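The exercises below ask the reader to work through a structure one topic at a time, and each task is followed by a solution that goes step by step.

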Amino acid sequence: MSGVALDPKTAPTFPMAAKVLVGDTQMRKNVRHATDIIQAKRARVVGEMPDWQELRETGRRVREHTMKFLDVYLEEFERKCTAAGGVVHWAKDADEARQIVIGLVKASGSHEVIKIKSMTTEEIQLNKALEGAGITPYETDLAELIIQLGGDQPSHIVVPALHKNRQQIREIFKREMNLPNLGDTPQDLADAARLFLRKKFLTVKTGVSGANFLIAETGGVCVVESEGNGRMCLTLPETLITIAGIDKVVPRLADLEVLLQLLPRSATGERMNPYNSIWNGVDPRGVDGPKAFHIVLMDNARTKVLEDSEGRQTLNCIRCGACQNACPVYRQTGGHAYGSVYAGPIGAILTPQLQEMHYAQTLPYASSLCGACYEVCPVKINIPEVLVHLRNRVVEQKGFFDPEAAAMKTVGMIFRSERRFRAAQRFGRMAETPLVDKDGWIGWLPGLLGGWTQVRDLREMPKETFRDWWEKRGGAS
Amino acid sequence: MGEAWGCVVNASTASRELMLGRIRTANAAAGAGAGNAAEEWAAIPREYRRTSTLGREAVLELLEDRLRDYDAHVLRVASEGVAAAVLGMLGERGRTRMLAAPGVTAAWLPEGFAFAVDDGLSVESIDRFEGVMTESTLAIAETGTIVLQTVPGQGRRAVSLVPDYHLCLVRASAVVATVPEAMDVLATRPAFATTFISGPSATADIEMTRIKGVHGPRFLDVLLVMDDVARSA
């Protein structure tokens with residue numbers, strides 16, 4: 001995976017990528033360890049809240065309401081943010097967003113930027129675009145730094161480097177920071193990152209961030225983080241450029257009383273993450289924070305998602321990653337199998353929709369539909385429902401001549417007639433004979449059916465069907 | 001500064017109209033019809049807790065407990081004993097080169113200890129201090145959170161971030177139990193840049209082991225100033 005961006009347009013399909021990745025036992029061990037710990041922490045702090053279900057319900061209602069009035073709230077945000085001295089830019093797609101950011105960085109007179117972890121900038125592969133324009137981006141979140149220095153890709157929305165263990169991280173830091181004697185405790189590694197980045201924080205003049213929430217009522221922007229690297233990037237540079245999906249807006253400051261309770265407990269299993277920053281434009285007295293603040297409001301197919309009455313609840317996501325930690329599929333494959341920066345259940349519904357269903361069509365099938373993701377979602381996104389809905393759209397798109405759809409139609413035709421069903425059973429027993437091994441297992445099926453046996457063995461059909469058995473005993477009436 | 005990158009602004013304006021148009025079309029297509037945003041927002045059910053049933057003393061104890069759980073050191077102090085407690089805390093920590101946010105209550109500064117006051121220092125200068133002392137807007141007991149704003153006594157955001165050590169004074173009268181109570185206060189003063197601090201800087205990015213102080217202060221001491229003796233009785 002190293003160095004190659006996770007791009008749904010070029011990534012292998014989920015079944016292909018997953019087959020390779022489930023063979024990486026170290027990765028699976030790392031992912032299982034990390035997700036076990038976060039899930040236990042989450043369960044503990046959610047258990048402390050007697051009103052958790054009420055918070056979830058209001059969270060869902062606030063997000064649904066926001067989407068219904070998205071135009072109203074974006075315009076209100078723009079008005080208030082501009083009044084507070086911010087400059088609001090609108091970007092219809094990833095390319096426009098990249099060009100705006102590059103233009104702004106160049107205008108700020110800087111050839112380097114410090115960056116806060118942001119899935120939105122990952123989504124549009126901003127780092128690659130900045131480098132192409134001669135601008136060096138420095139990731140400052142510890143996990144993002146590990147990924148950047150390791151030429152790797154994020155595998156989780158909240159803990160992007162959870163697929164790496166400390167020995168692997170130590171090797172990356174030793175090599176990239178030129179620290180041959182680096183210790184291997186987590187503290188040693190964090191200290192190395194602190195030293196490595198401190199000078200950048202103090203000298204780089206331009207910062208780039210994402211946003212957790214945009215507050216329409218005040219024009220404020222909220223960023224939630226743990227390490228303080230976010231606060232550094234938001235307050236120390238002269239120019240701050242924030243890029244946010246249009247779905248990040250919330251109506252009023254008061255709505256944060258709900259979302260700031262739901263997000264940290266769901267994401268990292270903390271009652272509150274160490275740092276939240278809320279700021280409005282630029283400080284009119286010029287004493288606190290950047291002198292120039294730009295915000296890029298990005299569509300990038302979000303309005304397409306909004307059009308779909310069932311799929312649109314995907315936009316309610318507040319990017320906590322709880323669904324990933326709870327997902328039995330994600331826990332086995334890790335994030336890279338999803339071929340997108342958005343992995344796990346939310347990625348399985350978000351990515352195909354952001355690609356306008358042209359790519360990543362196998363992702364809605366990357367699920368057992370067990371419902372664990374719905375259970376933990378802090379804003380009650382019914383992910384299984386959207387998965388099924390998207391599977392339907394995939395089939396519709398493939399059209400009448402899709403072999404899988406044709407096979408299903410044939411099966412339907414067979415099931416409708418007793419005579420045809422009996423004939424099919426007889427035929428099946430005959431046809432399978434050359435494929436059955438001496439212990440009665442089928443390890444390989446030809447053609448389209450081979451997809452099933454790639455990762456499973458199949459028992460041979462019984463010699464006698466239940467109907468035959470029943471009739472032999474005079475059961476037929 | 002629009003004129004400096006006119007072309008960007010123009011492209012952006014076209015995209016603005018395009019995006020807003022798409023949103024309206026999309027909402028109409030999805031059957032999310034018209035309505036009054038303010039009225040519908042007000043009608044959103046909010047059945048969650050706004051306040052706590054805990055008494056005053058229990059709320060303060062909860063705050064202390066939650067702060068300690070996040071590796072902060074907490075000490076209660078009577079109003080008249082603040083300066084002495086500050087001196088004691090700095091002695092324990094062995095910090096001598098200290099910065100103070102401008103506007104910190106004068107009576108809380110110990111005599112004989114030279115605080116430098118931030119008057120627009122460069123970040124490189126701030127980085128040379130061993131610690132910083134600030135006041136706070138409020139604290140939230142249930143989450144162990146201290147809220148700072150860019151106002152006198154609390155200073156700009158960089159001063160409570162760059163130094164390795166943060167000594168924060170919290171008035172007991174400004175401690176609330178729940179997040180909604182805190183947001184009620186903040187809604188009355190939303191113009192100031194606001195920072196929520198819950199313990200020292202931390203990360204769990206390496207094998208989910210909580211490590212203190214990656215980029216922000218590694219040490220957070222909180223002095224809980226008992227300024228509402230009547231209420232806590």
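**Exercise 1. Annotated domains**

At which residues of chain A does UniProt place the feature "domain: Lactate utilization protein B C-terminal"?

*Solution.* The model is a predicted one, in which local features need pLDDT of at least 70 and side-chain atom pairs count only at pLDDT 80 or more, whereas totals for chains, interfaces and linings use all residues. Residues are numbered from 1 along each chain as its sequence is written, chains are lettered from A and ligands numbered from 1 in the order in which they are written, and side-chain values use heavy atoms, with hydrogens and water left out.
- The UniProt record, an unreviewed entry, puts this feature at residues 404-474 of chain A; UniProt positions follow the numbering used here, feature names are shortened, and annotations may be inferred rather than shown by experiment.
- Over residues 404-474 of chain A, the end C-alpha atoms are 39 Å apart, and the chain is 54% helix and 6% strand, where helices (H or I, at least four residues) and strands (E, at least two) are DSSP runs numbered from the N terminus.
- For "domain: LUD", also from an unreviewed entry, UniProt lists residues 74-298 of chain A, a span that is 41% helix and 22% strand, with its end C-alpha atoms 11 Å apart.

**Exercise 2. The largest pocket**

Find the volume of the largest pocket and describe its lining.

*Solution.* On a 1 Å grid over the protein atoms alone, a pocket is an open set of points with protein on both sides within 12 Å along at least five of seven lines, a cavity is a set where a 1.4 Å probe fits but cannot get out, and lining residues have an atom within 4 Å of a point.
- The volume of the largest pocket is about 2,100 Å³, a volume being the space filled by probe spheres set on the points, which are joined across faces, edges and corners.
- Its lining has 49 residues, of which A:Leu448, A:Leu449, A:Gly451, A:Trp452 and A:Arg456 lie nearest the centre of the pocket.
- Helix 19 of chain A contributes the most to this lining, with 8 residues, and the elements that each supply at least two residues include helix 18 (383-398) and helix 20 (418-432) of chain A.
- By class, the lining comprises 29 nonpolar, 11 polar and 9 charged residues, where Ala, Val, Leu, Ile, Met, Phe, Trp, Tyr, Cys and Pro count as nonpolar, Asp, Glu, Lys and Arg as charged, and the others, Gly among them, as polar.

**Exercise 3. Enclosed space**

How many cavities of 30 Å³ or more does a search of the whole structure find, and which residues lie nearest the centre of the largest cavity?

*Solution.*
- The search finds 7 such cavities, and the largest cavity holds about 680 Å³ of space.
- Of the 35 residues that line the largest cavity, A:Lys117, A:Val158, A:Val224, A:Glu225 and A:Ser226 lie nearest its centre.
- Helix 6 (119-123), strand 6 (220-225) and helix 12 (256-267) of chain A, together with strand 10 (202-203) of chain B, each supply at least two lining residues.
- This lining has 15 nonpolar, 10 polar and 10 charged residues.

**Exercise 4. Aromatic rings**

Classify the ring pair of A:Trp279 and A:Phe293, and then that of B:Phe113 and B:Phe115.

*Solution.* Rings of Phe, Tyr and Trp (its six-membered ring) pair if their centres lie within 6.5 Å; planes under 30 degrees apart count as stacked, over 60 as edge-to-face and the rest as tilted.
- There are 8 aromatic pairs over all chains.
- The ring centres of A:Trp279 and A:Phe293 are 5.6 Å apart and the planes stand at 80°, so this pair is edge-to-face.
- A:Trp279 belongs to strand 9 (residues 275-280) and A:Phe293 to strand 10 (residues 292-298) of chain A, so the pair ties together parts that are 14 residues apart in sequence.
- Both A:Trp279 and A:Phe293 are buried, where buried means under 20% relative accessible area, exposed over 50%, and partly exposed in between (1.4 Å probe, protein chains only).
- For B:Phe113 and B:Phe115, the centres are 5.0 Å apart and the planes at 50°, so the pair is tilted.
- B:Phe113 is buried at 18% relative accessible area, and B:Phe115 is buried at 15%.

**Exercise 5. Backbone angles**

Where is A:Asn178 found, and is this residue buried or exposed?

*Solution.*
- A:Asn178 is found in the loop between helix 9 (166-176) and helix 10 of chain A.
- With a relative accessible area of 64%, A:Asn178 is exposed, and its phi is near 55°, a positive value in a residue other than glycine.
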